[in-house]
Amino acid sequence: MNRARALSHLLARAPLALPLRTLGATGAVRGKASAPPSPSALAAEPFLNGSSSNYVEEMYNAWLHDPKSVHQSWDTFFRNATAGAPPGEAYTSPPTLAEPTPHHVPLSSLAPAFSSSGVAPAYASEAPISDKVIDDHLAVQGIIRAYQARGHLVAALDPLGIDREALSERPPVTLPSKTVVRNYFDYIDESDMERSFKLPLSTFVGGNEKSLPLKEIIKRLEDAYCRSIGVEFMFINSLEQCNWIRQKFETPGFMHMDNKEKRLLLARITRSHGFEAFLARKFSSEKRFGLEGCEILIPAMKQVIDRSTSLGVESFVMGMPHRGRLNVLSNVCRKPLEHIFTQFAGLDTGDEGSGDVKYHLGTYQERLNRVTNKNIRLAIVANPSHLEAVNPVVQGKTRAEQFYHGDSEGNKVLSVLLHGDAAFSGQGIVYETFHLSELPEYTTHGTIHIVVNNQIGFTTDPRMSRSSPYCTDVARVVNAPIFHVNADDPEAVMHVCNVAADWRNTFHKDVVIDLVCYRRNGHNEIDEPMFTQPLMYNRIRKLKPVNELYAEKLITEGVVTAQEAKDVRDKYEKILEEAFTAAKSETRVFNKHWIDSPWSGFFEGKDPLKASPTGVHEDTLTHICRRFSSAPPNASDFQIHRGLQRILNSRMEMVKERTVDWAMGEAVAFGSLLKEGVHVRLSGQDVERGTFSHRHHVLHHQKVDKSQYNSLANLYPDQAPYTVCNSSLSEYAVLGFELGFSMTNPNALVIWEAQFGDFNNTAQCIIDQFISSGQTKWIRQTGLVMLLPHGMEGMGPEHSSARLERFLQMTSDDPDVLPAFSSDFAIRQLSDINWIVANCSTPGNLFHILRRQIALPFRKPLILMTPKSLLRHPEAKSSFDDMVETTEFQRVIPEKGAAANNGAGVKRLIFCSGKVYYDLTAARKEAGLEDSIAISRVEQIAPFPYDLVKQECDKYPDAEVVWSQEENKNMGAWSYVQPRVATALNHERHITVSQSSQTDTDSQSWYEYCFPWLFSAPAPVPDPAQAQAQAQAQSPASEPKVTRVVRYAGRPVSASPATGNKKTHLREVKQLLEDSLAL
Ligand SMILES: Cc1ncc(C[n+]2csc(CCOP(=O)(O)OP(=O)(O)O)c2C)c(N)n1
Ligand SMILES: [Mg+2]
């Protein structure tokens, strides 16, 4: 080893950790401002030596110039030395920065291992420590650290051996890889390999040995870090966590498995392989996104489940993409094989819902874990094709399960997320979800991530799809350890699975298992991979599948016989065949078999068309509003901000007047639900205060950090918990999370609020793929509420529009079909539609619509446009009278002023929604048109209140009907409202048409009705019986006599949702009011 280089290197790196031995040429130390230490005093220092003299000289000069410019220990030394301290007493060790035990390595401990006899003296001080001993030991320590930090770079991770310097491919050298040890490589040669070195406490490779020959140290490090497992963990900031991992991978024999475990592993691999092979045989032309090349995924997941179950976990919530999903459903969740096989059979559905493709479906199973003999629950959350989108949903569902089970540390409920390599590095939602992992109200106390890293995404190579070295690098942001493992080494995979489960159980933090594998077929079974990856696939074709490799290994080891291995295969084949035969007799598939979040007991015994009342007793209103307007009970100790005190005072004034503003209407809705035992959770950016500083649910002590008061959480002694939490700045992840949360417990009001409604589009995938269509695809209900601040108030293009039009466009009600006006009209509509879209104009109506979410006998998402200026508008207040027991949500708030008493004389009936109502009424008043223009508010836009709209129109028979909106014509509610008002007015048909039984004739559109000449194609010949029934249903009396149309008044079309120019904005407002009101 090159001593001089090593020493200078080490000196440069850690000068103070290296006590120097003697100071030779003291003439080099020149005194300036103060007297230099006497040469004899310095020369006698036992730790100074010749090679360190230059260094000491520099240090001394610096000290003379400015004593503060050197480390405190040198300062002390020079002071003592110049003051004439006796030799050996001038030096004082520098203060330790970290706890010295158990990984502090005293230099004195290095000497014994280098004694020529190899026998350590009892005390280090008994033997003089040479420079070489120190240098060499420090180099060895550096080498050990290098393996821990960079061993993964040369680990034999890739079954294809495509792109790394795998150990197995290196020439048979005894020296370590330069990639790993880097600069230390120069200090090692063959002659050093036989020498013994004392092992520092920062490694566990020694087991019970205190010192080992370098050759053995390196071998053990290679075994730990460079074989089939590559461990990335040295970036973790916690020393305790790093040591924990070192111990798991360095302790000799760390991968030991007994024969029973090996046989179980073989059986699991055999089933995993057998499942795919069977489907490939039976359904050769069907897409199934098979697992071939990563069959180890199934035993891996089972191992995580076994180990976690033994550590106390009872419930597993899982999210996964397409790859291997059917195999996981069958072999991990034990979904009946018949259910899976019937999905291939092209059968009709036997129940509600439009269904989804088989590799997106979810499931929920309760079963016995045979290894631990404990009952467990397993859910795979249904997901769309959109890769990784399910991640936050799984996290929210997991969190909710933990919350409702009182599992505050996540000991009982565990989330497992599976990923593809390309998606894991490519999709931003992965990063956004990781950032929820440690937030107090969003953590699931550690997720186990498993990446099926087949080194390809569809047809794209990693080098074209990511810029990070590993596909897993995103996980480093949360200090999650990453275990890369060669998927063709089943025992190594089992080891990392055990460690991952133990890690999560110990530290309650995320962890990643990167299964480095390959994809034996194309992206799906019909794709030809040789078009794009010819070399890779030439190599893949030569590889034996892992079940064969492992069976051969166990046969060689004598763990199983060839016959036993065959028996395992045959037995599973028989199970598959029997299920296949049984599935043939099925005639229907059922969507209900694939529900991931069953709500047992929720629907039973309920009238599906009967909602509970939403009004509450006045005492309840008063109590909640008083509490909401009060400082904490210990007000004298809790100093609140003066401005907030003013807000509380004005709230109290409202209580006296029996009125509520927007914030109080919302609070009393929450409070009354909490009183009834319904958990309320409000989450989003800055929701605690409210973006517009109107809510203030959390009061902060002005003098004491983290001292807070939340009045709604302290309303009643036996109330349900209230959660209000500021979220991370992510819409996609947080909305997905809240959706997942809402799936667990139907008796909870879960709300996500956007900072401004505009930002909801960064969560578009959750809205489109889950909220809008989730019930239809997966018959899974949710009562999630989205609060979207919306309104044109001159705040520019990006703070004005929640894109109401998009939500309306996705509603599933038919604009051309008028449902029968029965007594249960309103609730039937709610039951039939995919979601509710509303834009309330009063706090009273806000109160009712929020409470109605829970009062309904089913759950529907509620998309609520919420106001900004109305939060403080003097007229946007409601009386307690609008919220007491006999009251309810008003879908339409009819005109109540002078025009209402002048039905026949009203010239115009304006329908509008939301804030523009207040602008219109003010302008109408100013124009003196209160008795000739009626203004009615459509508060629930979807499902459309046909009955009430028609009622209003009938009230004013001669009025022109106008829809007035502040949004541009191609936005807002206009295109949704227009055909529906027309249908309400002109296409009245007293028949109820169920969606599935509609015929072409039934669904004749309003346009066809009004403009029959445009639709001149011969009508289909109707079935005579049907024609007769229809004729009876459409009695001549109900045929419209005149065609009434609805006119648009508002801003013209635009590409941008709003102008950024204040003046233009005001001009537009003036114009839209004129358009609406000019008679
Ligand atoms: C958000 C999104 N973009 C694109 C796709 C189309 N797509 C489906 S699978 C796939 C490749 C995924 O590669 P990887 O994540 O490595 O998984 P693998 O198929 O290799 O298991 C792509 C691009 C998609 N489903 N979702
Ligand atoms: Mg891939």
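Analyst: Begin with pairing: two strands pair if DSSP finds at least two bridges between them. Helices (H or I, at least four residues) and strands (E, at least two) are DSSP runs, numbered from the N terminus. In this predicted model, local features need pLDDT of at least 70. Residues are numbered from 1 along each chain as its sequence is written.

User: How many helices and strands does the protein have?

Analyst: The secondary structure consists of 35 helices and 28 strands.

User: Which strands does S24 pair with?

Analyst: S24, residues 908–912, is joined by five bridges to S25, residues 933–938, and the two run parallel. Within this pair, Leu909 lies opposite Ala934 of S25. S24 is also joined to S27, residues 960–968, by four bridges, again parallel. There, Phe911 lies opposite Trp963 of S27.

User: How does the chain cross from S24 to S25, and with which hand?

Analyst: A crossover is right-handed if, with the strands pointing away from the viewer, the path from the first strand over the helix to the second runs clockwise. Here the path from S24 to S25 goes through helix H30, residues 916–926, and this β-α-β crossover is right-handed.

User: Is S24 mostly covered or uncovered?

Analyst: A residue is buried under 20% relative accessible area, exposed over 50%, and partly exposed in between (1.4 Å probe, protein chains only). S24 is mostly covered, with five of its five residues buried. Arg908, Ile910 and Cys912 are buried on one side, Leu909 and Phe911 on the other. Across the protein, 56% of the 1079 residues count as buried.

Methods:
Chains are lettered from A and ligands numbered from 1 in the order in which they are written. This is a predicted model: local features need pLDDT of at least 70, side-chain atom pairs count only at pLDDT 80 or more; totals for chains, interfaces and linings use all residues. Side-chain values use heavy atoms; hydrogens and water are left out.
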